[in-house]
Amino acid sequence: MTEHLNRTTALTDPLDEEVAAPARPALRVVHESDGIDLAAAEAAAGQFLAALGISTASESLRGTPGRMARAYAELFTPRPFDLTTFPNDEGYDELVLARRIPVRSVCEHHLLPFVGTAHVGYLPGARILGLSKLARVVEYFACRPQVQERLTKQVADWLQTHLEPKGVGVVIEAEHCCMTLRGVQATGSSTMTSTLLGLLRSDARSRSEFLGLTGAAS
């Protein structure tokens, strides 16, 4: 799976051309894959259930293979979005933090869901980010077979590369069905991961503020 990025041209009012610099083009983020064959996925789901001794002959189970195929296709397909940024005209240099962003992904080892919340923050540089885009970036990397450790680092690294802030911090806390519903059956347990970059890693005060606000320091 690869990510496809392209630029879209922003429209500006001709009357503003003499007093304002042209708007920076937004970064279009689109997830590319080898394609989805729902018919083949439905057939394979039916064979999978049959191999486990589960008959799909009844009325209530007849459509289950198709529902399985569509459900996983949805879980593995993030929505495209524009990475909208704006000039940091006021020179804002304090922490920007979006807390409790919902996370839903699928463990790549058992293909069982893990769900939880992400806290994503950054110290602005030359540009600030539309707040909803922090949640979009989390969704972008969560909608694929994942491990939580990689997901946490991918979100942080991507923001550091494309936003160029002074620092980035990501904390994810999630409950994994592969741990709570099978195997050890550790019901109620959760896993916490973090990635800190730039000043949020190197500066003790900034790191402490971020971890305190996310609750990771408690």
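These are my notebook entries on what I looked up in this predicted model.

**Entry 1: the whole chain**

I started with an overview. I found seven helices and 10 strands in the protein chain. Of its 218 residues, 36% are buried. Then I checked contacts with a separation of 6 or more, and residues 24 or more positions apart account for 68% of them.

**Entry 2: the cores**

Next I went looking for nonpolar cores. The largest one has 32 residues. Which residues have the most contacts inside it? I noted down Val120, Val137, Leu151, Val155, Trp158 and Leu159.

**Entry 3: Val120**

I skipped residues up to four places away in sequence and listed what Val120 touches. My list runs Val96, Leu97, Ala98, Ile101, Leu134, Val138, Val155, Leu159, Gly169 and Val170.

Helix H2 covers residues 64-75, which is 12 residues. I got 16 Å from its first C-alpha to its last, close to the 16 Å expected at 1.5 Å a residue. Its buried residues are Thr64, Pro65, Gly66, Ala69 and Ala73. What do they pack against? They pack against helix H1 (38-51).

To describe two packed helices, I need the angle between their axes and the distance between the axes. For H1 and H2, the axes come within 8 Å and cross at roughly 120°. That angle makes H1 oblique to H2, and the crossing is right-handed. From H1, the residues making the contact are Leu38, Ala41, Glu42, Ala45, Gly46, Phe48 and Leu49. From H2, they are Thr64, Pro65, Gly66, Met68, Ala69, Arg70 and Ala73.

**Entry 4: Thr214**

Last stop: Thr214, which lies in helix H7 (residues 204-214). Is Thr214 buried or exposed? I count Thr214 as buried because its relative accessibility is 10%, and buried means under 20%. Leaving aside neighbours within four places in sequence, I found Thr214 in contact with Leu97, His119 and Val171.

How values were computed:
Residues numbered from 1 in each chain as written. Predicted model: local features only at pLDDT ≥ 70, side-chain atom pairs only at ≥ 80, totals over all residues. Heavy atoms only, no water. Core = buried A, V, L, I, M, F, W, Y, C linked by side-chain atoms within 4.5 Å. Buried < 20%, exposed > 50% of the residue type's maximum accessible area, 1.4 Å probe, protein only. Contact = heavy atoms within 4.5 Å. Helix = DSSP H or I, 4+ residues; strand = E, 2+ residues; numbered from the N terminus. Expected span 1.5 Å × (residues − 1). Axes fitted to C-alpha atoms, helices over the stretch in contact; angles between N-to-C directions. Parallel < 35°, antiparallel > 145°, perpendicular 65-115°, else oblique. Left-handed = near helix turned anticlockwise from the far one by under 90°.
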